[in-house]
Amino acid sequence: AADISDQITKVLVTEEEILAKLEEIAAQVAADYEGKDLLLVGVLKGAVMVMADFCRALPTVVPMDWMAVSSYGAGTKSSGVVQIRKDLDADIHDKHVLIVEDIIDSGLTLSWLLENFASRGAASVEVFALLRKPEAAKVVVDCKYVGFDIPNEFVIGYGLDYAERYRNVRDVAVLAPHVYS
Ligand code: PRP
Ligand code: MN
Ligand code: MG
């Protein structure tokens with residue numbers, strides 16, 4: 001693959017920092033959910049990397065399911081219109097659901113998902129977001145576990161895309177404006 005150093009302006013969070021944080025949060029989650037019927041729900045596609053590394057940092061076996069929603073399309077701004085592209089396979093009734101997300105940006109995706117899940121009779125629904133942009137919030141999302149608060153810049157990597165590209169970049173980095181303007 002081509003070197004992308006000319007397409008990013010800076011690395012915000014390294015892969016190493018992410019993996020260390022996941023260990024920390026996995027220990028908290030393991031303690032908080034001890035003896036409970038936990039179901040991890042990843043939000044495709046951005047959460048693929050964080051789900052893969054987070055679930056393997058947990059000390060116990062845990063089921064996972066996936067929901068595919070999209071609000072960004074090919075642009076850099078949330079449209080606010082959330083579409084379900086793939087619904088859950090599992091019935092979450094009486095399950096303790098932990099939604100695993102790569103990022104809370106405007107908060108629109110997660111606030112919509114939380115409302116959607118609330119109506120399905122889960123025993124509890126909490127959120128783990130690896131990244132959060134406090135300055136970009138349009139709605140406040142009640143997020144129990146947060147990896148890193150980051151500035152309001154367009155970031156890619158570790159699952160996060162611009163027009164479906166850059167998800168496989170290992171670090172989280174700021175995309176150079178010349179790429180999308
Ligand atoms: C991105 C990201 C979050 C959401 C956050 O997903 O992965 O799911 O946007 O933005 P918000 O807080 O402003 O709603 P996207 O819709 O781009 O789909 P993707 O995960 O397939 O990239
Ligand atoms: Mn997403
Ligand atoms: Mg996206």
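**Exercise 1. Work out the strand order of the open sheet, and find its edges.**

Step 1. Strands are DSSP runs of E, at least two residues long, numbered from the N terminus. Two strands pair if DSSP finds at least two bridges between them.

Step 2. Read the order. Six strands form the open sheet, as 4-3-2-5-6-7, with mixed pairing.

Step 3. Find the edges. Strand 4 (83-86) and strand 7 (145-149) each pair on one side only.

Step 4. Look at one pair. Strand 2 (residues 38-44) runs parallel to strand 3 (residues 64-70), joined over five bridges. Within this pair, Val43 has Met67 as its bridge partner.

The model is predicted: local features need pLDDT of at least 70, side-chain atom pairs count only at pLDDT 80 or more, and totals for chains, interfaces and linings use all residues. Residues are numbered from 1 along each chain as its sequence is written, while chains are lettered from A and ligands numbered from 1 in the order in which they are written.

**Exercise 2. Locate the cis peptide bond.**

Step 1. Most peptide bonds are trans.

Step 2. Name the exception. The bond from Leu44 to Lys45 is cis, with omega near 0°.

Step 3. Lys45 sits in the loop between strand 2 and helix 2 (48-57).

**Exercise 3. Decide whether Asp94 and Ala163 are buried, partly exposed or exposed.**

Step 1. Apply the cut-offs. Count other C-beta atoms, placed from the backbone, within 10 Å: 20 or more is buried, 12 or fewer exposed, in between partly exposed.

Step 2. Take Asp94. Its phi is positive, about 65°. Asp94 lies in the loop between strand 4 and strand 5. Asp94 is exposed, because 10 other C-beta atoms lie within 10 Å.

Step 3. Take Ala163. Its phi is positive too, near 50°. Ala163 is partly exposed, because it has 13 C-beta neighbours inside 10 Å.

Methods:
Helices (H or I, at least four residues) and strands (E, at least two) are DSSP runs, numbered from the N terminus.
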